[in-house]
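Subject: Structure handover, aromatic contacts

Hi,

Here is the structure for you to open.

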Amino acid sequence: MRRAAKGALILLAALIVCGGILVFLGKTAERVDWQAAAQRESSAALGNADCGFYHMRGYWIDGSQEAEVQPQGRLELVQINLGGFLNGPVSEAGLAQIDAILAAYEAQGTRLILRFLYDWDGKGMERDPASLQVVLDHMEQMRPLLAAHGSAVYIVQGVFVGSWAEMHGSRYLSEENVRTLLAQMERTVPPGAFLAVRTPSYWRLAAGRREPLTAEESFARQTLASRLSLFNDGILGNWLDCGTYGETPRAASSSLSDRWPREEELAFQQALNLYVPNGGEVVLDNPLNDFPQAVEALRCMHVSYLNAEHDLNVLRKWEQAVYEGEEEAYRGMDGLSYVDRHLGYRFVVRGAQVKTEGWLRKTAALTVEVENVGFAPRYTPGRAEIVFRPEEGGEPIVTEAETDVRGWKPGETVRISAEAPEGIGRYEVFLRAVGGQNGEPILFANEGTHADGAVSLGVLTKEKGGLFS
């Protein structure tokens, strides 16, 4: 009996000690709670950089008067007409005039699609400069001007020559000359900007290959091909996009300058324009550019910018159409507004989850899902940040996510991860993205997005007493 009683006392003591330990651990262990914010897609216009409908303005360069610059939006196509200098260099007064134009747009924060040209009337042959060397010299003269205002320059289209500088209707567009002109353009255009050619066949000729870019070579931006984008001023005008495509099947093609049939060229653009921009003008009202077919084509081509003023017959047709597709946020919206919202990139936060690991000291890993519902990616660098803002005050904790927004492809959902701060606390959690030289916000298409571009993800709480919870 005594042995039994003694054993019972020992067992009781052990239970008391264990209970005390468990109580202590229960009070010191951490509990993690995550309250996710509800996410609702917004149909509002965002006005993000480098995409959307652009306005167009032309300037005749003669150095005789100061040009009046009145930007109409965040993205503008500016035509610089050098037709007064067909026989020799641009004058110092002319260069000063161009410098003032670029400086004025730069001061307004306008991003420019630039086109240098000699012809506004579709008479490229008549307006060709006296020699190819004159064109090359003009390109070289533009180099310091573009470098001085590089923050404003997004894309430089064409190679100066041709009707409207659209790379047709010129004596200087043989394969050899095109390579020569583009080599000079590569030196002329600042490294942070894109060049653009009129057709996919010109891209293949310049790149010296039939295959489009890969992500690795594109993001490095170290070759002409990785900086060479497309512009198309005949989008959906007819089955050939007004000379953009041809009739030589890829399998039968013997030259890099061959223009392939429409379906093959669309497939080429679908791959290429994941890495370099594509845009231009829709033209000539016809069934091919009726709203449903147009949306399908623009999405396939990854179009990120379009002329807001041409072709008005097509744009008005879209305005009279109604979106009735699967994207609930835009259902019932007029077609023109739908296209406007989807040109380029459009990022939507779909949700955020937290996964915990550990026993006494728990770690919390946050994963955010972001979908790009736009027609195209973003082509210039940007970064994403997870912000943990303490509710009791103090400096927020900012974690840069291991992601490049250029890799957020259209129609796909990416997952961004970040570790929560260590220790006890209650945090409001946000996602924000910034880009450009000045770190301007990249706005998300989520209702309730803050003015600085931050999207609320939820509230994370780490507190004591979580062993048994």
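Phenylalanine 160 is buried, at 1% relative accessible area. Keep in mind that this is a predicted model.

Phenylalanine 116 is buried too, again with 1% relative accessibility.

The cut-off for stacked is under 30 degrees. Phenylalanine 116 belongs to strand E4 (residues 111-117), while phenylalanine 160 is in the loop between strand E5 (153-157) and helix H5 (175-188). The two are 44 residues apart in sequence, so the pair ties those parts together.

Next, tryptophan 203 and phenylalanine 268. This aromatic pair is edge-to-face, with 5.8 Å from centre to centre and 65° between the planes. Tryptophan 203 sits in helix H6 (residues 200-207) and phenylalanine 268 in helix H9 (residues 262-272). They are 65 residues apart, and the pair links distant parts of the chain. Both tryptophan 203 and phenylalanine 268 are buried.

There is also an aromatic cluster. Its members are Phe291, Tyr323, Tyr330 and Tyr338.

Two arginines are worth a look as well. Which ring does arginine 204 lie over? That of tryptophan 260, at 3.6 Å from the ring centre. Arginine 406 has its charged end over the ring of phenylalanine 219, 4.3 Å from the centre.

Best wishes

How values were computed
Residues numbered from 1 in each chain as written. Predicted model: local features only at pLDDT ≥ 70, side-chain atom pairs only at ≥ 80, totals over all residues. Heavy atoms only, no water. Helix = DSSP H or I, 4+ residues; strand = E, 2+ residues; numbered from the N terminus. Buried < 20%, exposed > 50% of the residue type's maximum accessible area, 1.4 Å probe, protein only. Phe/Tyr/Trp six-rings, centres within 6.5 Å; stacked < 30°, edge-to-face > 60°. Lys NZ or Arg CZ within 6 Å of the ring centre and 35° of its normal.
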